[in-house]
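Have the sequence and the 3D view open as you read.

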Amino acid sequence: MAEEEDRTGESAPTVSKPNSIPSGDNSVWADVSPLLHAASQDLQEGELIHGDNFNLFAAMSAVEIMDPKMDSGIVCTYYSLDEAIENGAAPVPISADKTTDVQCTIDIMDHLLACEATWHKGHSLAQTVYSCLYLLQPERTSSHALLHSYCKVIRATCHAVLSVVSDTRTHEEEDIFTMTYDLPLGRDGDEKCLSMLNAVEETISRQLRACKVLSSKRRISEDMDPLQSNPDLEEGYCKALLCRLRFRKHFYHLLVSMKRPQGRGLELARKHIASCILEIDHIRKSSEFLRANAQKMSKQNVDNTTASGCQPIGFDASLNSRLSAPTPPRSIKILCWEKVLEYFMKLLQDLDIICSYSLDPSLDAAFLFVVKFQKSQPDLVSRAHLQLLLVQDGRLYGRDPIFSVITKAAGLPEVTKIHDIQKNECMVHLGQLVINLLKILCTNAAWQRRKLGKMLQDWRVTYVQLELAFKKEFGEASNTPKNENICFKIFQHILAWVEEQTYWIASRFLILGFELELYTIHDYCMVYWYIYVVLIKLCEKKHLRMAMSSGAISAKKKPKKKKDSLKDAGIDYQIPAAVLFLQSQMYLAEGLSMMFAALRNERRIVPPQSPFNTEHEIFIQQFELLQKACLPDRISYMSFKESTVHASFSTLAMYDYFKEAQRIAKEVKSSFANDPDKMAELRRIEQVAEHNSIALNVICRVGALDPSLNISFTFCHHPFFATAIVKRS
């Protein structure tokens, strides 16, 4: 320990030591062992000794000695790769006995697949896939054609996945997915991995064909060298190896096909997906054979990460913790074999959904497809491929310019594409916002909600900037009727579309809170109220934009702002079906908000009494990002209180919002006969509205204050609209 001389010139005491270490200027070395010994006698577990400059942040970054998650060295089996190889941890050949060699090779393949799935889940590459010692020195396996070809395709596959995730920057949301720690990931010659894999596959295929003919034992001994020494097991091992090799081949082809620009490889990718699913089925069927014929001397795998249940040879997860300093020294549990197969089946199904997308040039269709795709909770790899497909070179699907897509979404004619407005700085910024929105919608739910909330202010600012540019452009061109008409129409349509998208983002932000379980029953009243006021504006803006696009109203006509005018419009059969669809959700949200408000006002739901979280503070916490963006305008906690403070079941029964939601949902069904997603949503709305209407009638008839009446809520019919359940105790 170095101690500096104090400012008075008196040097610190010098303590001699056997092996002197040269000291720097103004410093000497002191033995602190007695101090540490004394401190260890007095400190309790979890306590730290620190100086004045040692703060809480430093304490969080400190290493806790002997903690296997913090102190990587405590669980090291070997101190270097050379030491591991010298001690026989990764032998080549794996065994002198051919049957054992084949069995162990299959175990290595299976465990590598398990490591790959664990890596996809966000764990370190160094401590999952590259815990395989055979991958760390690829040249060692050159004499073992089967293992060598498999290791090559594993490295190539990891490199392909890594490049997609890095290009889309989705790794930022998922731990440290892309860090490679200078591991041998992209080796020379790995790009030709399939040629060697095909050669090995052909050899084993010929062996399998030989097994199936009559007198197979004689043919094997005479014509070709068998894979292993037991003729009775030859066919089973050949099949087990082939399905694993073919899965790897098709999976690599799939990744390469999906990276082709403008979606040109999607059709071919779907064929490889079908082949991968077929091979996974064969892999699953081979498990029974492998377990039955596993060698007795094989060590059983306690984590069951192989089909045979045996412990694989040639893996050491702790080795890279010491070799690669930045690797987080933590314990990683590799996924079990069944979970691995389930993961890859789910991944392939998600990728198949992406490949089956029609690449609709409509921006609204792209948004809805991503939202629907996210309902299946896809993992990082599939979401990265979706983003790569949607946004390429600043274009939608790499082919449609963003300005062209925006003008089409806003309902503008084709002539707008050649207008100089696309060079406007505000329009360029709007294009970037659309690209960012597409990328954000491809992230996981938590990251997506946080980013959507933050980008709302950007959309509002862009709207204001466009409005100013509109006034400036229209004012300068007002003397020229032709320019006036073009500029006015373009800006008015785009302004209406930007406002509509802003409120759509706000509604998405609120709905994601249900998926992430961020709301409690005490929050539902304000949450549904906020969804209701956002849906009012969304209906209004969508109606305005669609009416402008169809020429039903004058471009200079201002939209209605009164809530009642929108409700009265529900009986107007000229209102677009898309607006009526939103109105059914709006009435459902209003009904639920008033129901929860009535329960609160009649003391059936008592807010938690806490000096730290008043209702006002909870309102700010839940909707702070919406409030900062002024969505909607002049909406505050006081607005919420004024709207709900007088809510009661008698008034709720008088204005049965649930019946209105149910009526609109039934009427608008015929307009969405060819849209199964909209039809399913309307059926869910009908179910929730019908059940809540019945529950409301029961509560009004019995009385909300009746202590024998139990009122609860469930999401059994809809993911974010609650269903009331009323029972007598």
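This is a predicted model: local features need pLDDT of at least 70, side-chain atom pairs count only at pLDDT 80 or more; totals for chains, interfaces and linings use all residues.

Residues are numbered from 1 along each chain as its sequence is written, and side-chain values use heavy atoms, with hydrogens and water left out.

Let's start with burial. Buried means under 20% relative accessible area, exposed means over 50%, and partly exposed is in between (1.4 Å probe, protein chains only).

| Residue | Relative accessibility | Class |
|---|---|---|
| Cys-336 | 28% | partly exposed |
| Cys-525 | 6% | buried |
| Ala-145 | 44% | partly exposed |
| Ser-149 | 0% | buried |

As for disulfides (a pair of cysteine sulfur atoms within 2.5 Å), a search of the whole structure turns up zero.

Now to H6, which spans residues 145-168 and holds Ser-149. Helices here are DSSP runs (H or I, at least four residues), numbered from the N terminus. Leaving aside residues up to four places away in sequence, Ser-149 touches Met-196, Leu-197 and Val-200; contact means heavy atoms within 4.5 Å. Ala-145 is also in H6, and its C-alpha atom is 7.0 Å from that of Val-200, 55 residues apart along the chain.

Then there's H21 (residues 577-601), whose 25 residues should span 36 Å at 1.5 Å a residue, and the end C-alpha atoms agree, at 36 Å apart. The expected span is 1.5 Å times one less than the number of residues. H21 is mostly covered, with 22 of its 25 residues buried. Just after H21, Arg-603 takes a positive phi of about 65°.

Conventions. Helices (H or I, at least four residues) and strands (E, at least two) are DSSP runs, numbered from the N terminus.
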